[in-house]
Amino acid sequence: MAPMVLKTSFKGLFFMTSCTLITLKVTFFFISSIHSTSKLVIHDHDGHHFDLKPAVDDDRSAEIYNRHISTQRQYEDVVRILHEEQPSTSTHVDGLRPGDGRDSDGSSPEVTGNPPWQGGGGQLPNLVKTTTTVVHDGGQPSARSSTPPKGKVLTDNEVYHDKDIFKENYNQMNKSLKIYIYPHEKTDPFANVLLPDTRGSPGGNYASESYFKISLSRSHFITQNPSEADLFFLPFSIASMRHDKRIGTGGIKNFIKDYISTISHKYPFWNRTGGADHFYVACHSIGRTAMDKAPEVRINAIQVVCSSSYFLQGYNAHKDASIPQIWPRPGAPPTRHPSKREMLAFYAGAMNSRVRESLVRTWINDTEIGVHQNRLKTPYSDSLLGSKFCIHAKGFEVNTARVGDAIYYGCVPVILADHYDLPFTDILDWSRFSVIVSTEDIQFLKRILKGIVDTDEYMKLQKNVLKVQKHFQWNKKPVDFDTFYMVMYELWLRRSSIRIHLLNE
Ligand SMILES: *[C@@H]1O[C@H](CO)[C@@H](O)[C@H](O)[C@H]1NC(C)=O
Ligand SMILES: *[C@@H]1O[C@H](CO)[C@@H](O)[C@H](O)[C@H]1NC(C)=O
Ligand SMILES: *[C@@H]1O[C@H](CO)[C@@H](O)[C@H](O)[C@H]1NC(C)=O
């Protein structure tokens, strides 16, 4: 069955995947064989991930399914060769396996201390990148771009899946997108949670949440007329609720339940779509469970969140959107030429996940990859400026501010966070400015990174990091193509295109 489908329509393959797991395995085989040989146009969020979310209400049950899914590997061919060289040192970290993390044959999956090739002498095989070209046509393409260019080959300095489509859609979005914010008085007892706090500059780890609200309130996307709105913004801030003694962590679920109940009684907009044209923005990971008492928000509304893992029960990549966690830094980013970046790679952070433990355990004594589990004695910025690669390792969540930190300091991010739906993946081709390494390949990190530096690949990646900086920057008054506008674009892609207008509107 599969080969016939292949001949006629590749898209058919993706629909078939929903049939049965057996079919999926078969098609997976074909997909991976196509990947290595031809250019593909995939109208899919991410060609490597299928919606296999188990119906069990437990994130960890996803681990069972994970084994059947190839983790996104940017340097697939290299890693395959390295695995063949060292077949006995397979490492499975971060609970990619069920149970206590031991393989069924009893061997420990833990990362071995010092792999024999850690000295880094060996020459890497040529880095052959897959020629897969993912063209995202913007979901709701404009008339002109309804047929995406077949297998258009990207040039090396391109950071977008398709710049022309992005620009065209962006212009349309910029002209037409209209957002209605549920209005609240300054005297509302929960004004601190519902209104943007424009007094100072947002700071800290969850600043993205506050910046979004400030930017939106100062943008031209707002309409006072709900009948012309494409989307409705639910303006509660989860980070503010946490700090409000009247609500606190324990009260967030009830607050949201009450809020939805209030607006669905007071206004007609929620009921007519069940919330499908509504969205909220949250960066704190507590947002993961915040909708537990308002499941219609989780199921129907667009959730713009930092903790965007493909395997979180509360996150659906095609409906929801990933927002970067950005530690705000004022002013123009500092620059440092790659030749002056003496460390190969750098990581610092608390040991709160198996990925981090494995990373630190593997590279703790290395002189080229600096890993730190304690507070640095030197300024953080020195390390970000002094390293060629900056490692983002999954902690409690797939996201941290480190990706934004790396980009700000012109350091090529290394993503060690399996199943992270990276911010703006619809638009940006992350393989052009970052290195995505499977957490199973921590032991090969040095070989992979050195291989990139030894070719001129590194220079391209680093130049591209500078190009995407503007997309990972908040401004109090939004600036074209900054994080705010990128989020607007993601929302625009996800807006409902068919509106049913009620008679009494
Ligand atoms: C790192 O060095 C320390 C001190 O020499 C040693 O005890 C430890 O086993 C080393 N760790 C690894 C992973 O090589
Ligand atoms: C987007 O719209 C704003 C407001 O009309 C305008 O100032 C800006 O130049 C537009 N951006 C682009 C890229 O056209
Ligand atoms: C929306 O639906 C709820 C539940 O069915 C109902 O109680 C409420 O009155 C409706 N709101 C409006 C504005 O009609």
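**Exercise 1.** Find what share of the chain's contacts between residues at least 6 apart in sequence join residues at least 24 apart.

*Solution.* Start with the term: two residues are in contact if their C-beta atoms, placed from the backbone, lie within 7 Å. Now take the contacts between residues at least 6 apart in sequence: 70% of them join residues at least 24 apart.

A quick note before going on: this is a predicted model, where local features need pLDDT of at least 70 and side-chain atom pairs count only at pLDDT 80 or more, while totals for chains, interfaces and linings use all residues. Residues are numbered from 1 along each chain as its sequence is written, with chains lettered from A and ligands numbered from 1 in the order in which they are written.

**Exercise 2.** Work out where S219 sits and what S219 touches.

*Solution.* First, locate S219: look in the loop between helix 8 (207–217) and strand 2 (231–233). (Helices, H or I of at least four residues, and strands, E of at least two, are DSSP runs numbered from the N terminus.) Next, leave out residues up to four places away in sequence, and S219 touches P478 and F484. Finally, check P478: its C-alpha atom is 6.7 Å from that of S219, though the two are 259 residues apart along the chain.

**Exercise 3.** Is S219 buried, exposed or partly exposed?

*Solution.* Count the other C-beta atoms, placed from the backbone, within 10 Å of a residue's own: 20 or more means buried, 12 or fewer exposed, and in between partly exposed. S219 has 15, so S219 is partly exposed. Across the chain, 40% of the 505 residues are buried.
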